[in-house]
Amino acid sequence: MGTAPTGYQTPKTNWAAGNIPTAQDFNRIEGNVQAVEEGSRTIDPTQAPTSNIGTLRQLLDWFANRIKAITGKTNWYDAPDLTLADLKAHKSRHATNGPDPLTPGDIGAIQNAGATPSIMADIDANKPAAGVAGRIYIATDTKKIYRDDGTAWAQLPLDLPAGATIGGSTAWHAGNDGAGSGLDADTVDGIHGANFGRIASGSYVGDGASSRTITVGFTPKFVIVNTGVANGTDGHQISLRPSSGAWGIFAGQYVSAKFFATRNAPYQIPGITTNGFTVGYSADPSHLNYSGTTYYWVALG
């Protein structure tokens, strides 16, 4: 903080009733008044303002600090490189109507229509004639952006760089759609994916296990299993099972269709699971997991 003025004495602030001022007291009082008015003091310009309230010594320091910050000089009392009057005169001189106006070229700008940089927007068909290089035109209907190259309007490419995002989400385009992209469409031709049917097919070779799960990839609503070869007394056989209810259909080549509850024919009627269906075998070649037999299946979801 800056110093007190020279000649300033610490005042007496504990006067009490009955105290009699002496000549020394009067000299101190008069001397302090004179010191405030005429005494020399040292300003500390390193003290930055912290509020709008302060002592006289603080306010003088703060004023010096702000003056130094404005001029950019080493000392607050150094003459500035330019005065406010100089800056005003400079602005007036280089204004548009001044004696030395700045041109676009002075600041590295391109002179366009009307001698000023120009960006226009309207429908595509309303582009003005080309011929002023550097102008930009945004077609509000086709969403295309053009640049006047001096002879023609050249459409600017809008290719997205690899990994580009839109609002933080991956941009979906012909180069990254399809399986494994991690992208998903909500509807196809207005139909939500939840309403699409699913179908899968395949085959397996029986391993003789009493229970076995065949993975489909979704929960089937209907499963058909066919041996493709003659097994047991029923010859060629086919088994069908809907996902609802406890009934399925088993039919053999040499007998009429038979209807079974799954609890009565768990090895001849496939069971529905979350991600496929189950088959099994128990001492009958007509069952659905006879060792060495190839079975063909179709699942509808």
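## Salt bridges

Arg-212 and Asp-207 form a salt bridge in which the closest N and O atoms are 3.8 Å apart, the term standing for a side-chain nitrogen of Lys or Arg within 4 Å of a carboxyl oxygen of Asp or Glu. The structure is a predicted model, in which local features need pLDDT of at least 70 and side-chain atom pairs count only at pLDDT 80 or more, whereas totals for chains, interfaces and linings use all residues. Residues are numbered from 1 along each chain as its sequence is written, and side-chain values use heavy atoms, with hydrogens and water left out.

By this rule the count comes to five salt bridges. Arg-212 counts as partly exposed because its relative accessibility is 22%, and Asp-207 is likewise classed as partly exposed, at 44%; the classes are buried for under 20% relative accessible area, exposed for over 50%, and partly exposed in between, computed with a 1.4 Å probe and protein chains only. Another of the salt bridges joins the side chains of Lys-73 and Asp-81, at 3.1 Å from N to O. Here Lys-73 has a relative accessibility of 24% and so counts as partly exposed, while Asp-81, at 62%, counts as exposed. The side chains of Asp-124 and Lys-127 also meet in a salt bridge, with an N to O distance of 2.7 Å. Asp-124 has a relative accessible area of 13% and is therefore buried, whereas Lys-127, at 25% relative accessibility, is partly exposed.

## Overall make-up

The protein holds three helices and 17 strands, where helices (H or I, at least four residues) and strands (E, at least two) are DSSP runs numbered from the N terminus. Of its 301 residues, 22% are buried. The accessible surface comes to about 19,700 Å², and 55% of this belongs to carbon and sulfur atoms; such areas come from the Shrake-Rupley method with a 1.4 Å probe, and for residues only the protein chains shown count as cover.

Strand β2 (residues 136-139) and strand β3 (residues 145-148) run antiparallel and are joined by three bridges. Within this pairing, Ile-136 has Arg-147 of β3 as its bridge partner, and Ile-138 stands opposite Ile-145. On its other listed pairing, β3 is joined to β4 by three bridges, again in antiparallel fashion, with Tyr-146 opposite Gln-155 of β4. In a regular strand the side chains alternate between the two faces of the sheet. For β3, the covered face carries Tyr-146 and Asp-148, and the uncovered face carries Ile-145 and Arg-147.

## Hairpin turns

β2 and β3 form a hairpin with five residues between them, and Lys-143 lies in the loop that separates these strands. The phi of Lys-143 is near 65°, a positive value in a residue other than glycine. Most residues other than glycine have a negative phi, and most peptide bonds are trans. Lys-143 counts as exposed because its relative accessibility is 60%. The hairpin formed by β3 and β4 has four residues between the strands, and in its turn Gly-150 has a positive phi of about 105°.

## A nonpolar surface patch

Which residues make the nonpolar surface patch of about 280 Å²? The patch is made by Tyr-8, Val-36 and Leu-56; patches consist of residues with over 30% relative accessible area and no salt bridge, with like charges joined within 9 Å and nonpolar side chains (Val, Leu, Ile, Met, Phe, Trp, Tyr) within 5 Å. Val-36 has its place in helix α1 (residues 23-38), and it counts as partly exposed because its relative accessibility is 45%.

Technical notes:
Pairing = 2+ DSSP bridges.
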